[in-house]
Amino acid sequence: LAHPDAPAPADALTVPATRATGCPFDPAPTVERARREEPVTRATLWDGSSCWLVTRHEDVRTVLGDPRFSADAARPGFPFLTAGLRELATGTRASRTFIRQDDPEHARLRRMLTAEFMVKKVEAMRPEVQRLTDELLDAMTDGRNSADLVAEFALPLPSLVICLLLGVPYDDHAFFQQRSAVLLSLRSTAEEARAASDELLAYMTQLAEAKRERPDDGIFSRLVARGELDSQEIASMGRLLLIAGHETTANMTALSTLALLRNPGQQARLRSEPSLIKGAVEELLRYLTIVHNGVPRVAVEDVTLGGTTIRAGEGVLCALNAANRDEAVFPGGDTLDVGRDARRHIAFGFGVHQCLGQPLARVELQIALETLLRRLPELRLAVPFEEIPFRHDMGIYGVHALPVAW
Ligand code: HEM
């Protein structure tokens, strides 16, 4: 294998990889090929720098579970998926969050939130999530038989829920959804990402002040009241939760709906056996793996992985989407099977950074999909499949719009 500083050959694997030629639900063909032929391989990033791409389920778990791989974006060699992410981590006003920090700092900050997202606490929100789901579907179907499912259901539902939990006014959703989209776009320039980030941080700082004066029973008020975080830490934590809390689940909801519409047999099975919903959500998380460009780490020591030596200071991207199709763990993994036991999927990551919000995402997805199928038995696409705008340009995969009819 070439030394990381050597120029990449012309046919090198590039990341973010493009799916242009393949099935839009599958990982990019180049990434799939890497898993089959060279599971720990060199890849070229958008900015011409290179890093390792790790594609097998076992190897991805090794990297994400091993403290010799750091999530600290301030370390030299850390691989950035976009100019915006690089600017936010290394720019002059870098505002860091625990998702890109290592223990003990990561653990100190994450611990302040674990009680908020515990399964028991989140399960108690089911009636509220169901109520919001029904209200959105009532409004969407009122006197009409078609709509954009993203704009009217998939995006508002998790946005409403995270606003409620955090204590953020939902009336501001246009503001924070637009800034989140800029931060998640692969096309944003460093300047655009910086501006969006600054605006979100300023918004969060102002909100923290408001909560200090008039506390409510949201997470944000409790964080402020603890008095352990400075205003910069509070603002970045609020921004992380707000973005992670709505973009991810929104895209999973829309993309799952589309996947079920494209797999009528699976859809029929889920309609006739609604008790399958929990397992079906895990299978959809596995099959669709919306965190699709790889989870970044940097080696802090030399580590040998699958016979390949990764040197200290070299960047690594863990391709969750390829790992979740690994035949060694999921036989027939390229097929969606709502009856499969998919619990070993790593769509929420693995190790100390494993998704904090996963109990919430599960509750939202289970309720959203079960209710959608139950209430709209005639649900179908309103445009040809080929016209669906997939989010190839975004850090979180999904569809920009999903025109449906019923
Ligand atoms: C971390 C995926 C929903 C909050 C992560 C990571 C993944 C992920 C892959 C690990 C990143 C890494 O290791 O670098 C998803 C998916 C979701 C989802 C697929 C929905 C389907 C949510 C929700 C929240 C949330 C609803 C709510 C607040 C977080 C936070 C972290 C995280 C705070 C950082 C955890 C840490 O660094 O310790 N998520 N997520 N996520 N997620 Fe999620």
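This is a predicted model: local features need pLDDT of at least 70, side-chain atom pairs count only at pLDDT 80 or more; totals for chains, interfaces and linings use all residues.

1. Residues are numbered from 1 along each chain as its sequence is written.

2. Helices (H or I, at least four residues) and strands (E, at least two) are DSSP runs, numbered from the N terminus, and two strands pair if DSSP finds at least two bridges between them. On these terms, an open sheet of 3 strands runs in the order E5-E11-E10 with antiparallel pairing. Strand E5 (146–148) and strand E10 (380–381) stand at the edges, each with a single partner strand, so one side of each has no neighbour in the sheet. Between E10 and strand E11 (residues 403–405) the antiparallel pairing covers 2 bridges, and Arg380 lies opposite Ala405 in E11.

3. A residue is called buried if 20 or more other C-beta atoms, placed from the backbone, lie within 10 Å of its own; a nonpolar core is a set of buried Ala, Val, Leu, Ile, Met, Phe, Trp, Tyr and Cys residues joined through C-beta atoms within 7 Å. The largest such core holds 109 residues, of which Val54, Val316 and Cys318 touch the most other members. Helix H12 (residues 231–262) gives the largest share of this core, 13 residues.

4. Contact here requires C-beta atoms, placed from the backbone, within 7 Å. Leaving aside residues up to four places away in sequence, Val54 touches partners including Val40, Asp59, Leu305, Val316 and Cys318.

5. Met237 is found in helix H12 and is buried, with 23 other C-beta atoms within 10 Å. Again not counting residues up to four places away in sequence, Met237 touches Thr97, Leu109 and Leu223.

6. In helix H3 (residues 83–90), the buried residues are Gly84, Leu85, Arg86, Glu87 and Leu88, and these pack against helix H9 (173–184) and helix H10 (190–213).

7. Helix H14 (residues 277–288) has 12 residues and reaches 16 Å from its first C-alpha to its last, close to the 16 Å expected at 1.5 Å a residue, where the expected span is 1.5 Å times one less than the number of residues. H14 is mostly covered, with 9 of its 12 residues buried, among them Glu282, Glu283 and Arg286. The cover over these buried residues includes H12, helix H13 (264–272) and helix H16 (358–375). Thr289, which follows H14, has a positive phi, near 30°.

Definitions and conventions:
Two residues are in contact if their C-beta atoms, placed from the backbone, lie within 7 Å.
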